[in-house]
Amino acid sequence: YLYFFAYLRSKDPTDYTGVESFVHNRIKEKSLAWVPTRNSFAIQNHGLMQDDDNQLEKALKDTVNTGVLEINKTVKGIERRLEHTE
């Protein structure tokens with residue numbers, strides 16, 4: 001999902017498909033409604049019980065937030081490199 005997020009950031013919004021527009025809007029709203037729950041690798045890797053929704057939500061948010069921070073660092077690094085090539 002993080003790669004999809006990065007893909008959307010690199011794509012022109014006028015070229016989005018319906019699904020891409022939906023996900024883009026959910027991301028702008030800071031909603032995780034587009035991310036499947038109760039069956040992701042992140043949840044399984046945290047070893048959490050599927051019955052505990054609060055723990056699942058927190059684990060998913062933490063995983064997404066960590067990934068977003070890493071993507072932002074990568075994008076900023078690329079932007080810096082591009083500034084030096086102009």
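The model is predicted, with local features needing pLDDT of at least 70 and side-chain atom pairs counting only at pLDDT 80 or more, while totals for chains, interfaces and linings use all residues. Residues are numbered from 1 along each chain as its sequence is written, and side-chain values use heavy atoms, without hydrogens and water.

**Exercise 1.** Work out how many helices and strands the protein has.

*Solution.* Start from the DSSP runs: helices are H or I with at least four residues, strands E with at least two, numbered from the N terminus. This gives 4 helices and 0 strands.

**Exercise 2.** Find what share of the residues is buried.

*Solution.* Take buried as under 20% relative accessible area (1.4 Å probe, protein chains only). Of the 86 residues in the protein, 23% are buried.

**Exercise 3.** Describe the lining of the largest pocket.

*Solution.* First, the term: a pocket is an open set of points on a 1 Å grid over the protein atoms alone, where a 1.4 Å probe fits, with protein on both sides within 12 Å along at least five of seven lines; lining residues have an atom within 4 Å of a point. Next, list the lining: Y1, L2, F5, I27, K30, S31, L32, W34, K61, V64, N65 and V68. Two elements, α1 (2-10) and α4 (53-85), each give two or more residues to this lining. The largest share, 4 residues, comes from α4. Finally, sort by class: the lining has 8 nonpolar, 2 polar and 2 charged residues.

Key:
Nonpolar A, V, L, I, M, F, W, Y, C, P; charged D, E, K, R; others polar. Buried < 20%, exposed > 50% of the residue type's maximum accessible area, 1.4 Å probe, protein only.
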